[in-house]
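User: Could you walk me through this one? I'm new to it, so please spell out the terms as you go.
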Amino acid sequence: MPMGRPVCRRRIAFQPAARVFKPAGIPGRCLDEEILSLDELEALRLADLEGQYQEAAAAEMGVSRGTFGRIIETARRKVASALVNGYSIRITGGHVTMTEYRRFQCSECGHDWNVPFGTDRPEACPACKSQSIQRVEEEAVSAGRGGGRGCCHRGGHGNGGGRGQGRRGARGENAS
Ligand SMILES: [Zn+2]
């Protein structure tokens, strides 16, 4: 790789909970694998999991709409190839930088989400459109959110594991 060539880093706002996905029952040495980069995974997360429009997702990653379109196209093809062909998926690499972000929570529906620093304060909850939203201070938000749904990795790698169940209702009015 030539030195000194400027690299446009893509912003990502989470780290994956698992780095390798592998079909059950097939020895690893027999498997082909698709390499999914962190920016490709982030594109999938924003567009396909969160359902964001490509403009918004591109802005969040700090790339142009066209670049985002190429990233996500590649990402989808790799995932589809792995599923169809029975390949494993390894998540690694990519020119990325972790985004520092602020965390907001909706007091209507309890939805919480992240907003990168350097962007406007959100006006309404993306889930229910309520405007009663508040900033949530949280330690080490950039450390390892995003995984954390499972219950088996508690204390495994620092912050971010072991939340999940009960989190929604954890702070307040769990009307009963
Ligand atoms: Zn809401």
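User: Which residue in β7 is the bridge partner of glutamine 105?
Analyst: The bridge partner of glutamine 105 in β7 is aspartate 112. Please keep in mind that this is a predicted model, in which local features need pLDDT of at least 70 and side-chain atom pairs count only at pLDDT 80 or more, while totals for chains, interfaces and linings use all residues. Residues are numbered from 1 along each chain as its sequence is written.

User: How many bridges join β6 to β7?
Analyst: Strand β6 (residues 101–106) is joined to β7 by 5 bridges, and the two run antiparallel. Two strands pair if DSSP finds at least two bridges between them, and strands (E, at least two residues) and helices (H or I, at least four) are DSSP runs numbered from the N terminus.

User: What sheet do they sit in, and which strands are at its edges?
Analyst: They belong to an open sheet of 3 strands in the order β7-β6-β8, with antiparallel pairing. The edge strands, each pairing on one side only, are β7 (112–116) and β8 (133–136). On average, neighbouring strands of this sheet are turned by 35 degrees against each other, direction ignored.

User: Switching to helices, how do α1 and α3 pack?
Analyst: Helix α3 (residues 65–85) packs with α1 at an angle of about 95 degrees, their axes 8 Å apart; axes are lines fitted to C-alpha atoms, for helices over the stretch in contact, and angles run from 0 to 180 degrees between N-to-C directions. The two are therefore roughly perpendicular to each other, a label for 65 to 115 degrees, where under 35 is roughly parallel, over 145 roughly antiparallel and the rest oblique.

User: Which residues of α3 meet α1?
Analyst: Phe68, Ile71, Ile72, Thr74, Ala75 and Lys78 in α3 meet Asp39, Glu40, Leu41, Ala43, Leu44 and Ala47 in α1, contact being C-beta atoms, placed from the backbone, within 7 Å.

User: And what about α1 and α2, at what angle do they cross?
Analyst: The axes of α1 (residues 38–49) and α2 (residues 54–61) come within 10 Å and cross at roughly 140 degrees. That makes α1 oblique to α2.

User: Last topic, how much of the chain is buried?
Analyst: Of the chain's 176 residues, 20% count as buried, meaning that 20 or more other C-beta atoms, placed from the backbone, lie within 10 Å of a residue's own. As for the overall layout, the chain has 4 helices and 8 strands, following the pattern β-β-β-α-α-α-β-β-β-β-β-α along the sequence.

Notes. Buried ≥ 20, exposed ≤ 12 C-beta atoms within 10 Å, placed from the backbone. Contact = placed C-beta atoms within 7 Å.
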